[in-house]
Amino acid sequence: MTAGGVAIAAVVAVAGGYQLFALAAVLRHLFARSAPEPSTRPPVSILKPIRGLDAGFLEAIRSHATQEYAPGFEILFGVRDPADPAVPEIERLIREFPGVPIRLLHCSTDAPNEKVGVLMDLAKEARYPVWIVSDGDISVPQGYLASVTAPLAEPPVGVVTCLYRAEASDLPGRFEALGVVTDFAPSALVAPLVGVSEFGFGSTLAFRRDDLL
């Protein structure tokens, strides 16, 4: 075999080996045991920094307001611009769910990252001991709050995050969604198998307030 053939074979072997490793990581995740239900659950503050109006935004934030979770939760939305196009949809959600503590805050703290500045203002207003930070376009299933807070019952666990599935209606967006499912998600599942577990995604970051402050 020529030197070029050896190089190609090596590349194919490495790529094929990684794909098998990724497949094992995905299967491990699918069949992993869920975290045991804690004896008590903490109330939760959901912090959502918002900028702009994403497709399906109302449906996404409504999926948080319809959660069934005891002992309770609040949702804090933060915007820097009072004229942000997402504001009317948030106000609509507040009217639609008068029994859910939902607040819209106009944030002004300056930070190198504007999203962090919004989160700093939301953090000052959050009332509960467990915080969940998630992007504005994230839709969640029923039982989401119970699922993501359960691992925090174990003291060594500091942050809980979630994989996500992208959805799109146009061709470029569908290619991006395909990349999330076939490349990004498997790579994220490979990381814990090689000892890398200290990371989180904007789709969900759940943690104790005291651990951050």
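**Exercise 1.** Determine which helix holds Asp121, and decide whether Asp121 is buried or exposed.

*Solution.* In this predicted model, Asp121 belongs to helix α4, which covers residues 114–125. The next step is to apply the cut-off: a residue is buried when its relative accessible area is under 20%. Asp121 has a relative accessible area of 13% and is therefore buried. Finally, leaving aside residues up to four places away in sequence, Asp121 touches Cys107, Ser108 and Thr109.

**Exercise 2.** Identify the buried residues Val87, Ile90 and Leu93 on α3 and explain how they are arranged about the axis of α3.

*Solution.* Begin with the residues: Val87, Ile90 and Leu93 of α3 are buried. Viewed down the axis of α3, its buried residues lie within an arc of 120°, so they line one face of the helix. The general rule is that an α-helix has 3.6 residues a turn, so residues three or four places apart point the same way.

**Exercise 3.** Describe the largest nonpolar core: how many residues does it have, and which of them have the most contacts inside it?

*Solution.* The largest nonpolar core comprises 30 residues, and Phe73, Phe77 and Ile102 have the most contacts within it. Two or more residues of this core come from each of β1 (44–49), α2 (57–65), β2 (73–79), α3 (87–96), β4 (130–133) and α5 (144–149). Apart from this core lies another, of 10 residues, including Leu105, Val118, Val133 and Phe207. Returning to Ile102, its contacts are Ala65, Ile75, Phe77, Leu93, Ile94 and Phe97, if residues up to four places away in sequence are not counted.

**Exercise 4.** Classify Leu27 and Gly179 by accessibility, and place each in its helix.

*Solution.* Leu27 lies in helix α1, residues 3–30.

Gly179 lies in helix α6, residues 171–193. Its relative accessibility is 27%, so Gly179 is likewise partly exposed. To complete the description, Gly179 and Ala166 are separated by 13 residues in sequence and by 9.2 Å in space, C-alpha to C-alpha.

Key: Residues are numbered from 1 along each chain as its sequence is written. This is a predicted model: local features need pLDDT of at least 70, side-chain atom pairs count only at pLDDT 80 or more; totals for chains, interfaces and linings use all residues. Side-chain values use heavy atoms; hydrogens and water are left out. A nonpolar core is a set of buried Ala, Val, Leu, Ile, Met, Phe, Trp, Tyr and Cys residues joined through side-chain atoms within 4.5 Å. Buried means under 20% relative accessible area, exposed over 50%, partly exposed in between (1.4 Å probe, protein chains only). Helices (H or I, at least four residues) and strands (E, at least two) are DSSP runs, numbered from the N terminus. Contact means heavy atoms within 4.5 Å. The arc is that of the directions from the helix axis to the C-beta atoms.
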